[in-house]
Amino acid sequence: MTSGLVFGIAGWSGFFVMALELLGGRILAPNFGNSIFVWGALIAVFMMALAVGYLLGGLWSTRRARVRDLGWLLGLQAVTTLVSVLLSDPVLDWIFEHVEDARYQSFLAATLLFFVPTMVSGMVSPCAVRLLVPRAPLSGRYTGLLFFVSTFGSAAGTILTSFYFVLWFEVNHILYGLSTVSIGLGLLTFGWSDGTAV
Amino acid sequence: MTVYRLAAVLGLATMVLSAPEAMADRDVLHTERSLYQSIVVYEQGGLRCMSFYRRAVRGARQTCMKVANPNDLIFDYTKMMTAALYVVPEPARILVIGLGGGTLPKIFEKLLPDARIDAVEVDRAVISVADRFFGMRAHDRLRVHESDGRVFVKRAIGRGSYDLVVLDAFNQDYIPEHLLTQEFLTEVRQLMKPGSVLAANTYTGSALYAHESATYGAVFGQFYNLRAGSNRVIIARLGGLLSREELQRNADRHEPALRPLGVSKDWLLSRMSTDVDWRRDVRPLTDQYSPSNLLNNHR
């Protein structure tokens, strides 16, 4: 039961990251265009943010392991994303005015707006592994399953966002919706009485 | 999780780009894989064309010129673009966004010897192919800028205005979605002054038609809507459209120069419609809502 929730959160986190990355391209385009380096900057920032998130999540997981910590991470993911949405216009305009090179413009913008929410999303996976793995011999199996779920979530987030969400909704509304799901899923963890998995 | 994702994207890209060539009856002069597309330059039946497809795909030609008469206008849409000169007969400063083979900058350069032209193209490879194979030479009066169109426009605001802005960054297969939004057109509008004209090469035959009409209408009000086959050109003017007599007068003025290039004023004037032939209850495209390519796939 609890491991189902943990897998669900890991899958959702993967979904969230890819939706944010695709919409990030949309948010940067009005100021910096759609050139290849804009996407390069965006992807690089997401990779670095995930890398740092994996590292921090792993460190955090050695201290303690509670399902509700994942809930906190989802809440933080939602709040930092909403802050980025609200600040995006002034931040992008400031960078457009003050930075000359278009490559560094988009790199700086992607860093300021998307690094933190993506890093927080990256922290989910190692914490989830800590909650799921009962004993060392099974660690590979559970880690493999977790990677499967979270990467599958990423694929779903990519497809649904680029095929359907942008056709049905505005960019900001999609981000509000994603953040709402994160908060809802996060609140669910607080209802888990034992607070630990397995 | 993301390494696999990247590998999948790269794998797909390789499959698409390495499709086998099937251009047996064409004389291929040049192929190049640029950052944005595969560029093929070929000659066939006296025409030299640039295509962004390696395979022969119907309607996928970007630009063509007659080898014997390089200035002749071949496509209906380029002919319809010249109708902009019926609305602003003597533009002193012209901005062309999207270069292709440079057909439009070359035409304006030829017809308007005093005009200063800025052409903007995001793909460096297209700029050099236009120069090498289509005689599109940059010089003092005709400057070519390597830039994203939207970024160029944003940077140009407050640095003088253009009398004519030409949007030719769209083709049947791909729309740069950030160049088809209300916000972008509002930025373009800031580069214009009363009497300035915008001419845009756009689409017919999909759900995009109505959305696009709503978008241009929201920024410019009434516009001339020219159609021929699957081609559509929108021509808008800041400060209201012209009377039929004024259009006729400007058309007469350009007729001696345009006629030899294959453009007839009767053909063009009869197409300068202001009728609304699209659904009015659709939302304009914005930076928040711009699924242009998806809409263009909905027939």
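**Exercise 1. Find the residues of the largest nonpolar core that touch the most other members.**

Solution. This is a predicted model, where local features need pLDDT of at least 70, side-chain atom pairs count only at pLDDT 80 or more, and totals for chains, interfaces and linings use all residues. Residues are numbered from 1 along each chain as its sequence is written, while chains are lettered from A and ligands numbered from 1 in the order in which they are written.

Start with the term: a nonpolar core is a set of buried Ala, Val, Leu, Ile, Met, Phe, Trp, Tyr and Cys residues joined through C-beta atoms within 7 Å. Buried asks for 20 or more other C-beta atoms within 10 Å of a residue's own, with C-beta atoms placed from the backbone.

Now look among the 79 residues of the core: B:Ala84, B:Val165, B:Val166 and B:Ile235 touch the most other members.

**Exercise 2. Which residues is B:Ala84 in contact with, leaving aside its neighbours within four places in sequence?**

Solution. Contact means C-beta atoms, placed from the backbone, within 7 Å. Applied to B:Ala84, this gives B:Leu164, B:Val166, B:Val197, B:Ala199 and B:Ile235.

**Exercise 3. Describe how chain B meets chain A.**

Solution. First, count: 18 residues of chain B are in contact with 21 residues of chain A. Next, locate them: helix 1 (2-17) and helix 6 (149-156) of chain B are the elements giving two or more residues to chain B's side.

Note on methods: Contact = placed C-beta atoms within 7 Å. Helix = DSSP H or I, 4+ residues; strand = E, 2+ residues; numbered from the N terminus. Buried ≥ 20, exposed ≤ 12 C-beta atoms within 10 Å, placed from the backbone.
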